[in-house]
Amino acid sequence: MLLLARTAPAGAKRSDGLSVFLLDMQASKGRGLTLKKIPAMINHNSCEVFFDDLEIPADTLVGEAGKGFRYIVESMNAERILIAYECLGDADYFLARASAYARDRVVFGRPIGANQGLQFPLAEAYAKTEAARLMVEKAAALFDAGQTPAAEANMAKLLAADASWAAAEVAMQVFGGFAFAREYGIERKWRETRLYQTAPISRNMILSYLAQHVLDLPRSY
Ligand SMILES: Cc1cc2nc3c(=O)[nH]c(=O)nc-3n(C[C@H](O)[C@H](O)[C@H](O)COP(=O)(O)OP(=O)(O)OC[C@H]3O[C@@H](n4cnc5c(N)ncnc54)[C@H](O)[C@@H]3O)c2cc1C
């Protein structure tokens with residue numbers, strides 16, 4: 001585990017005095033580190049982590065002491081871009097599955113995909129996905145060029161998560177009652193992609209970041 005811990009009192013900035021450690025979780029269990037599984041709606045395991053007077057060996061320090069917050073923040077841009085690509089993949093999946101089902105499923109003598117009530121939300125989710133893709137690719141290109149594209153990485157994650165959620169919602173509708181049947185796989189993916197409205201950073205915190213750091217508005221929290 002990469003652990004960010006306070007190793008000195010905050011300086012001029014609250015983020016000063018934090019350090020990163022590479023923690024050996026197996027060795028730390030029972031010596032101040034406790035893991036408790038959280039049964040959850042998503043498709044991978046999740047757990048709570050408790051620290052009680054855990055001693056961390058000094059030689060597990062990553063980089064320079066006190067500079068940890070900067071290291072973590074820089075890795076967050078990469079994480080946001082990565083999650084944004086995952087969201088685009090989810091959106092592509094939902095749109096492909098829902099369009100195929102809408103072409104095939106015949107009700108009252110015509111495919112349900114002939115109805116604008118299904119076509120329009122599908123087309124809108126597609127447009128949102130393609131617009132998000134432009135921002136995700138921009139953020140990735142800036143990151144690959146060695147820059148620190150915080151605003152672009154945040155916007156990429158925001159827009160791609162919203163696009164995947166729009167596509168998830170329309171897929172749930174297009175599949176009708178079968179959307180709820182496990183065998184179709186739609187509800188599983190729908191649960192998974194809902195996560196990205198909240199984690200690894202919630203929509204509200206991205207909007208706060210853009211308001212404060214791009215639009216120069218007062219900090220709101
Ligand atoms: C499945 C899963 C896996 C995760 N994996 C990891 C992981 O590997 N590593 C890790 O570090 N974290 C992980 N997280 C944690 C995740 O990053 C947080 O849950 C997420 O950032 C939201 O923080 P929180 O839960 O503390 O919500 P809170 O901060 O309590 O916020 C709750 C709600 O209030 C809103 N809110 C809070 N403050 C404000 C404000 N000032 N203005 C407006 N709205 C506000 C939020 O947007 C949110 O909707 C994981 C979470 C989940 C669900």
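This section describes the aromatic contacts and the pockets of a predicted model.

Aromatic pairing was examined first. Five aromatic pairs were found in a search of the whole structure. One of them joins Tyr93 and Phe94, whose ring centres are 5.9 Å apart and whose planes meet at 70 degrees; because planes over 60 degrees apart count as edge-to-face, the pair is assigned to that class. The two partners fall into separate accessibility classes. Tyr93 has a relative accessible area of 27% and is therefore partly exposed, whereas Phe94, at 0% relative accessibility, is buried.

A further pair is formed by Phe178 and Tyr184. Here the ring centres are separated by 4.8 Å and the planes by 20 degrees, so the arrangement is stacked, the limit for this class being under 30 degrees. Phe178 is partly exposed, with a relative accessible area of 41%, and Tyr184 is likewise partly exposed, at 22% relative accessibility. Both residues also belong to a cluster in which ring pairs link Tyr101, Phe175, Phe178 and Tyr184.

Contacts between charged groups and aromatic rings were also identified. The charged end of Arg194 is placed over the ring of Trp165, at 5.7 Å from the ring centre. In a second case, Arg219 is positioned over the face of Tyr221, with a distance of 4.2 Å to the centre of the ring.

Attention was then turned to the pockets. The greatest contribution to the largest pocket is that of α2, which supplies seven residues. In terms of residue class, the lining of the largest pocket consists of eight nonpolar, eight polar and seven charged residues. Domain 1 (2-62) and domain 2 (73-214) are both represented in the lining of the largest pocket, each by at least three residues.

The second largest pocket holds about 370 Å³ of space. Its lining is made up of Leu2, Ala40, Ile42, His44, Asn45, Ser46, Cys47, Ile72, Ser75, Glu79, Leu195 and Pro200. For the second largest pocket, too, α2 gives the most to the lining, in this case with three residues. By class, seven nonpolar residues, four polar residues and one charged residue line the second largest pocket. At least three lining residues of the second largest pocket come from each of domain 1 (2-62) and domain 2 (73-214).

Among the residues that line the second largest pocket, Leu2 was considered individually. Leu2 lies in strand β1, which spans residues 2-6. With a relative accessibility of 55%, Leu2 is classed as exposed, because the exposed class takes in values over 50%. The C-alpha atom of Leu2 is 6.6 Å from that of Val20, although 18 residues separate the two along the chain.

How values were computed. Residues are numbered from 1 along each chain as its sequence is written. This is a predicted model: local features need pLDDT of at least 70, side-chain atom pairs count only at pLDDT 80 or more; totals for chains, interfaces and linings use all residues. Side-chain values use heavy atoms; hydrogens and water are left out. Rings of Phe, Tyr and Trp (its six-membered ring) pair if their centres lie within 6.5 Å; planes under 30 degrees apart count as stacked, over 60 as edge-to-face and the rest as tilted. Buried means under 20% relative accessible area, exposed over 50%, partly exposed in between (1.4 Å probe, protein chains only). A charge sits over a ring if NZ of Lys or CZ of Arg is within 6 Å of the ring centre and within 35 degrees of the ring normal. Helices (H or I, at least four residues) and strands (E, at least two) are DSSP runs, numbered from the N terminus. Ala, Val, Leu, Ile, Met, Phe, Trp, Tyr, Cys and Pro count as nonpolar, Asp, Glu, Lys and Arg as charged, and the others, Gly among them, as polar. Domain bounds come from an automatic or database domain assignment. On a 1 Å grid over the protein atoms alone, a cavity is a set of points where a 1.4 Å probe fits but cannot get out, and a pocket is an open set with protein on both sides within 12 Å along at least five of seven lines; lining residues have an atom within 4 Å of a point. Grid points are joined across faces, edges and corners, and a volume is the space filled by probe spheres set on the points.
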